[in-house]
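Trainee: I'm new to this one. Could you walk me through it, feature by feature?

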Amino acid sequence: MRSVEEHQRVVAAMISARPAAAAPLDQSQGLVLAEDVVAELALPVFDNSAMDGYAVRAEDTDGATPERPVILPVAEDIPAGRTDQLTLQPGTAHRIMTGAPMPTGATGVVPVENTDGGVDNVAIYARSEPGKHIRRAGEDVAPGTTVLRRGQVVTPAVLGLAAALGLPGLPVIPRQRVLVISTGTELVTPGTPLQPGQIYESNSIMLAGAVREAGADVIAVATAEDDVAQFSSILDKHATPENEVDLIITSGGVSAGAYEVVKDAFGRDGDQGVEFVKVAMQPGMPQGIGRVAGTTIVTLPGNPVSALVSFEVFIRPALRAAMGLPDPHRPHRPAVLAEALTSPRGKRQFRRAILDTDAGSVLSYGPPASHHLRWLASANALLDIPEGVVEVSAGTELQVWDLT
Ligand code: AMP
Ligand code: MG
């Protein structure tokens, strides 16, 4: 049997980064910058007012007090967005709004609160300090400044800065493009009636959600019956050059029984580019990995818990690493087990668990068998019980994967 670490390495080695590309801002969030970004524009773009008030020559307001205001004629009104460059004549004021361009010759802004708010003439109650309430061009960003670094994750603030600089897109490591295929003749799409012997298909929506949560794109989702011809035609339909699929994830059909469609499609002996292996873990022992017509395929077992835990252990970190994300792995932390547990000999076991981060303690949540999806749905952690351990007593410290 292959160890979890070994299979993690094999999967990671088969999932590689897409070439860097320019992505529109609205599709860049959460991606990693592939290059430094150098500003071509100044921010602020031009000298502008930081207050609603009056642009003045500061010395024209000397001596102003509430009792003895300075009265100036208001020669212009400058709302934000006015595009003509005005000149302030000495002894006059321009009414100006926050973000509006400063007129040439003005050296200060009197906030409206320090005036009577006049429209034709304004009474100024306090002297203006030269330079005060003026945002200078380039004081935030001077042109030529490297404002963002390669390797940085695109956050909302990064998007805001890029847009402020007038950039329609950013150079990023693109999202991995993933195709998700469920297999099983027993599977029925939710929303349609079940016949005896049928169950609702739950892996594709779950794995597609996990792909997106990992930051990757789902290109298509499909379900195939346990029929090699049908499975192959679904692959051909979606894994096209136009779809630029980086990774195909299948679930089901890789165990030891008959009607194992994925194994049958690729040949059980691995001679068609996909190898089927047993990994020393529970859940998720039967795994497969390879290439189909040049595209990487990871074949997960069908039991829902096995499928999702396998995704967590093998695919999620590999996808995130291929997108250059700084934290490909779930946060791991030690926690004290608040109960005694047993674990299968020779297998690394991942138990659904409830982690109490404040107390630093953890409890398993639900049975270990791989069809108990209900417990996984409400667990906040995976308990990672090492391969060599068969009994764990209460009070033992274990590694826990924080799923929150
Ligand atoms: P398999 O790996 O195909 O032998 O499937 C193992 C178990 O998981 C069987 O009980 C299947 O019915 C179930 N299963 C497989 N695929 C899915 C799926 N997409 N949705 C829900 N259950 C599934
Ligand atoms: Mg099946």
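Mentor: Let's start in a loop: His133 sits between strand 9 (121–124) and strand 10 (134–135). Strands here are DSSP runs of E, at least two residues each, numbered from the N terminus. Keep in mind that the model is predicted, so local features need pLDDT of at least 70 and side-chain atom pairs 80 or more, while totals for chains, interfaces and linings use all residues. Residues count from 1 along each chain as its sequence is written, chains are lettered from A and ligands numbered from 1 in the order written, and side-chain values use heavy atoms, leaving out hydrogens and water.

Trainee: What is the phi of His133?

Mentor: Most residues other than glycine have a negative phi, and most peptide bonds are trans. His133 isn't a glycine, yet its phi is positive, about 65°.

Trainee: Which residues are joined by a cis peptide bond with omega of about -5°?

Mentor: Gln282 and Pro283. Pro283 falls in the loop linking strand 19 (281–282) to strand 20 (286–292). There's also a cis bond from Leu43 to Pro44, with omega near -15°, and Pro44 is in the loop between strand 3 (37–38) and strand 4 (48–49).

Trainee: How is the protein chain divided into domains?

Mentor: The bounds come from an automatic or database domain assignment. Here we get domain 1 (4–18 + 175–323), domain 2 (21–43 + 139–173), domain 3 (48–135) and domain 4 (332–402). Taken over C-alpha atoms, the centres of domain 1 and domain 3 are 67 Å apart.

Trainee: How many residues surround ligand 1?

Mentor: A residue is near a molecule if one of its heavy atoms lies within 4 Å of it. For ligand 1 that gives 14, the closest being Glu186, Glu201, Ser202, Gly253 and Gly302. Strand 13 (177–183) and strand 15 (199–200) each provide at least two residues of this shell.

Conventions:
Helices (H or I, at least four residues) and strands (E, at least two) are DSSP runs, numbered from the N terminus.
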